[in-house]
Amino acid sequence: MFIRALSLRDFRSWEHAELELSPGRTVFLGSNGNGKTNLLEAIGYLATLGSHRVAADAPLIRMGAQRARIGATVVNTGRELRVDIELNQGAANRAQINRSPVRRPREILGILQTVLFAPEDLALVRGDPGERRRFLDELCTARLPRLAGVRSDYDRVLRQRSALLKTAGRQARSRADLSTLDVWDGHLAEHASVLLAERLRLVHDLYPHLAQSYRSIAPESRPAAIAYRSAYLPPEFLDPAREPQSDDTAALEEIMLRELAAARTKELERGVCLVGPHRDDLDLVLGDAPAKGFASHGESWSFALALRLGAFDLLRSTGAEPVLLLDDVFAELDRRRRTALAEVAAGAEQVLITAAVPEDVPAELAAAPLRVETTGESTHRTSRIVEHAPGFA
Ligand SMILES: Nc1ncnc2c1ncn2[C@@H]1O[C@H](COP(=O)(O)OP(=O)(O)OP(=O)(O)O)[C@@H](O)[C@H]1O
Ligand SMILES: [Mg+2]
């Protein structure tokens, strides 16, 4: 797929922008702080309904504005769809497909698919489990957009059940509290099992792509592997080589219910929910050691890169090819890894690349760049694009 047109209004440093894009490569060049990442962040938001840099939407709205708008015309195997989203300060976000409002923003998921490489990716290897859960869940949702609803149901039930655990744990437990907790256990297990089954299926499917991507980036290094980590699932479920079964969801729901019952006393004592996908992680392994805490800086970078490349390969092998977004990544890479990434990117249907200086763009990807600059004074400063700026070709 590719983005044919992009429009921004009051998104971060962009007051207003209308961009025509083509398949193939587009390079955005500009000095630090001019708004290049903001542009890719906006596109990533349309694909995932989240930013790769911040957890909340507020920083995405241009300072002083009430709402931000991002819109794109997406072409997928000849079929064109327009998606728009409006981020509102202090009110619910709203989305449109082909200019008609949809009931919930998450209905636009799946229309635009992207894989974004960014300097923040190092956190996939070095950061908290939450970073890796987000990686898994975003990729699961790209494969199965209806999972966004399951994730949001799970989060809601988790919040409500945790609140109940806190109050019920503090007071003398009434019979009513405990039977309410039983009901919440049922809801939690129901949503958790769908999410777990998708995560396990993803790890199984991603594994060969990840291993292959890592080999091509760092052939001299030890082999890379991934495995789902969970304290409450039986070990056979955690083996990435295990073929997912059609009745996994039912089996996982039963396991969840059993484990929740077993953890009940401890959960009431501690007032937190101790069982469920919100506690899980993705193990990243190099040779026979965990990457986190053992891998060198270069190896960690290669692993992060291999996870993204693996995700791109996986999505491409089973559905439409996602738009590749490369945010300032080449400057961080040595020559071999630059070449490996550049080779994949050069063959992509559409790749959008940002860099501060032309030398950071590998020759395979060089294209007449669009220059991103900032104009205006203080609060009226805004990013803008200068087409094919002289001196940058
Ligand atoms: N909500 C906002 N309103 C207005 N400006 C913002 C907002 N959020 C970020 N900015 C501005 O956007 C700029 C950063 O943009 P961005 O991260 O896209 O830069 P960049 O071109 O990618 O730079 P670098 O080369 O350093 O990565 C900063 O100057 C910041 O002040
Ligand atoms: Mg940037």
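A: On a 1 Å grid over the protein atoms alone, a cavity is a set of points where a 1.4 Å probe fits but cannot get out, and its lining residues have an atom within 4 Å of a point. Grid points are joined across faces, edges and corners, and a volume is the space filled by probe spheres set on the points. The model is predicted: local features need pLDDT of at least 70 and side-chain atom pairs count only at pLDDT 80 or more, while totals for chains, interfaces and linings use all residues. Residues are numbered from 1 along each chain as its sequence is written, chains are lettered from A and ligands numbered from 1 in the order in which they are written, and side-chain values use heavy atoms, with hydrogens and water left out.

Q: Which residues line the largest cavity?
A: Rolling a probe the size of a water molecule over the atoms shows where empty space is left. Here there is 1 cavity of 30 Å³ or more, and the largest cavity has a volume of about 60 Å³. Its lining consists of Leu200, Val203, His204, Tyr228, Phe237, Leu238, Asp239, Pro240, Arg242 and Pro244. Helices (DSSP runs of H or I, at least four residues) and strands (runs of E, at least two) are numbered from the N terminus. The largest share of this lining, 3 residues, comes from α5.

Q: What lies over the face of Phe237?
A: A charge sits over a ring if NZ of Lys or CZ of Arg is within 6 Å of the ring centre and within 35 degrees of the ring normal. In this model Arg242 lies over the face of Phe237, at 4.4 Å from the ring centre.

Q: How many salt bridges does a search of the whole structure find?
A: Side chains of opposite charge can pair when their charged atoms come close. A salt bridge is a side-chain nitrogen of Lys or Arg within 4 Å of a carboxyl oxygen of Asp or Glu. The search finds 30 salt bridges. In one of them, Arg4 and Glu80 meet at 3.0 Å, N to O. This pair links distant parts of the chain, with Arg4 in strand β1 and Glu80 in strand β5, 76 residues apart.

Q: Are Asp137 and Arg199 buried or exposed?
A: Buried means under 20% relative accessible area, exposed over 50%, and partly exposed in between (1.4 Å probe, protein chains only). Both Asp137 and Arg199 are buried. Their side chains meet in a salt bridge of 2.8 Å, N to O. This pair links distant parts of the chain: Asp137 lies in helix α3 and Arg199 in helix α5, 62 residues apart.

Q: How far does helix α3 reach from its first C-alpha to its last?
A: The expected span of a helix is 1.5 Å times one less than its number of residues. Helix α3 (residues 129–143) has 15 residues and reaches 21 Å, close to the 21 Å expected. Its buried residues include Phe135, Leu136 and Leu139.

Q: Why is the pair of Tyr214 and Phe303 tilted?
A: Rings of Phe, Tyr and Trp (its six-membered ring) pair if their centres lie within 6.5 Å; planes under 30 degrees apart count as stacked, over 60 as edge-to-face and the rest as tilted. The count comes to 1 aromatic pair. The rings of Tyr214 and Phe303 have centres 5.7 Å apart and planes at 45 degrees, so the pair is tilted. Tyr214 belongs to helix α5 and Phe303 to helix α8, 89 residues apart. Tyr214 counts as buried at 1% relative accessibility, and Phe303 counts as buried at 0%.

How values were computed: On a 1 Å grid over the protein atoms alone, a cavity is a set of points where a 1.4 Å probe fits but cannot get out, and a pocket is an open set with protein on both sides within 12 Å along at least five of seven lines; lining residues have an atom within 4 Å of a point.
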